[in-house]
Amino acid sequence: MSPHAHFHHGNWEFAASLTLTLLLAASLYVRVLISTRSDSAAAIPAWKASSFLCGLVLVWIAWGSPLAAYDHSLLTVHMIKHLLLMTFAPPLILLGEPIKVFWGMTPLLARSTLGRVWHRPLVQRLARIGTNLVLCWTASALTLIAWHVPTLFALGVRSEIGHTVEQAMFFGTGLLFWWPVIQPWPSASAAPRWSLLLYLFLATLPCDILSGFLVFSDRVAYPVYFSTPRMFGFSILEDQQCAAALMWTCVTLIYLVPAAIISSRLLAPRTSHEHDLEQSEFSGGPVPQSAPQSLEVV
């Protein structure tokens with residue numbers, strides 16, 4: 001069975017493999033949280049745990065719920081799925097610190113081995129490259145644009161394999177895009193915080209261009225919908241405009257939230273450590289050390 005639900009002659013196919021995978025991830029996550037609740041150092045706040053579980057629910061709604069059955073008939077539903085997989089679910093999952101939680105259930109020998117591998121210079125360098133702002137932005141933008149080219153879009157509608165690859169790429173690049181913004185354990189960005197404001201602003205541009213084209217165009221961009229049944233009284237052009245307006249509005253509002261949080265932190269009074277760090281960098285003296293964010297080798 002495919003990992004996603006799909007619309008086929010009006011029937012919804014239950015996504016058993018996806019549902020079981022998400023339930024397993026949720027149960028393991030909760031189990032680790034319960035086992036470490038007495039350890040204040042390893043405890044995850046309730047709001048972070050709730051974020052992670054909500055993120056998994058959104059993945060299921062986008063990929064395996066009855067909503068997914070209308071993806072091949074309505075561009076608006078396709079856009080909702082795209083927003084859930086790229087814009088809503090990834091930051092919620094990363095806010096839940098999944099690596100930190102699942103690291104706690106890793107056997108001691110494996111934890112020690114992985115910790116030594118993590119601290120190798122080559123691995124650290126690859127990790128910095130993989131979470132570079134330019135790479136994360138480029139991967140996200142190219143995925144968005146490529147899968148909305150009519151030829152690839154039609155492939156995602158007509159081919160079950162193509163549809164699965166499309167959804168996986170949406171979710172994967174969504175995680176990659178939000179990683180430098182959320183910075184979950186054990187990552188620590190070397191980029192200045194103000195650069196994230198530029199990063200978020202530039203991320204709205206591909207969405208704005210695509211949604212603006214779809215909203216104001218008087219032509220149907222995806223002819224594949226001519227051969228699909230109409231739902232809820234929407235014409236193809238009305239469906240296209242509704243989907244574009246939804247993307248335009250949601251992306252702008254969602255990206256404003258982290259931008260506002262980052263701006264407030266930039267404008268907040270600096271801590272004494274930040275002041276000492278700035279002075280040491282300016283004078284060329286030793287940099288004061290704070291507790292490092294790294295994999296613990298226990």
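## Reading a helical protein model

From the N terminus on, the elements of the protein run β-β-α-α-α-α-α-α-α-α-α-α-α-α.

Student: How many helices and strands are there, and how are they assigned?

Tutor: There are 12 helices and 2 strands. Helices (H or I, at least four residues) and strands (E, at least two) are DSSP runs, numbered from the N terminus. This is a predicted model, in which local features need pLDDT of at least 70 and side-chain atom pairs count only at pLDDT 80 or more, while totals for chains, interfaces and linings use all residues. Residues are numbered from 1 along each chain as its sequence is written, and side-chain values use heavy atoms, leaving out hydrogens and water.

Student: Which residues touch the most other members of the largest nonpolar core?

Tutor: A nonpolar core is a set of buried Ala, Val, Leu, Ile, Met, Phe, Trp, Tyr and Cys residues joined through side-chain atoms within 4.5 Å. Buried means under 20% relative accessible area, exposed over 50%, and partly exposed in between (1.4 Å probe, protein chains only). The largest core here has 35 residues, and F153, F177, Y199, Y222, V224, Y225 and M247 touch the most other members. Elements giving two or more residues to this core include α3 (75-95), α9 (160-182) and α11 (236-267). The largest share, 9 residues, comes from α11.

Student: What is M247 in contact with?

Tutor: Contact means heavy atoms within 4.5 Å. Leaving aside neighbours within four places in sequence, M247 is in contact with M79, H82, L83, L144, C207, L210 and S211. A second, separate core of 24 residues includes Y29, L33, A89 and V101.

Student: Are C136 and C242 buried or partly exposed?

Tutor: C136 counts as buried because its relative accessibility is 0%. C242 is partly exposed, since its relative accessible area is 32%. Of the 298 residues of the protein, 41% count as buried.

Student: How many disulfides are there?

Tutor: A disulfide is a covalent bond between the sulfur atoms of two cysteines. The rule used here asks for a pair of cysteine sulfur atoms within 2.5 Å, and the count comes to 0 disulfides.
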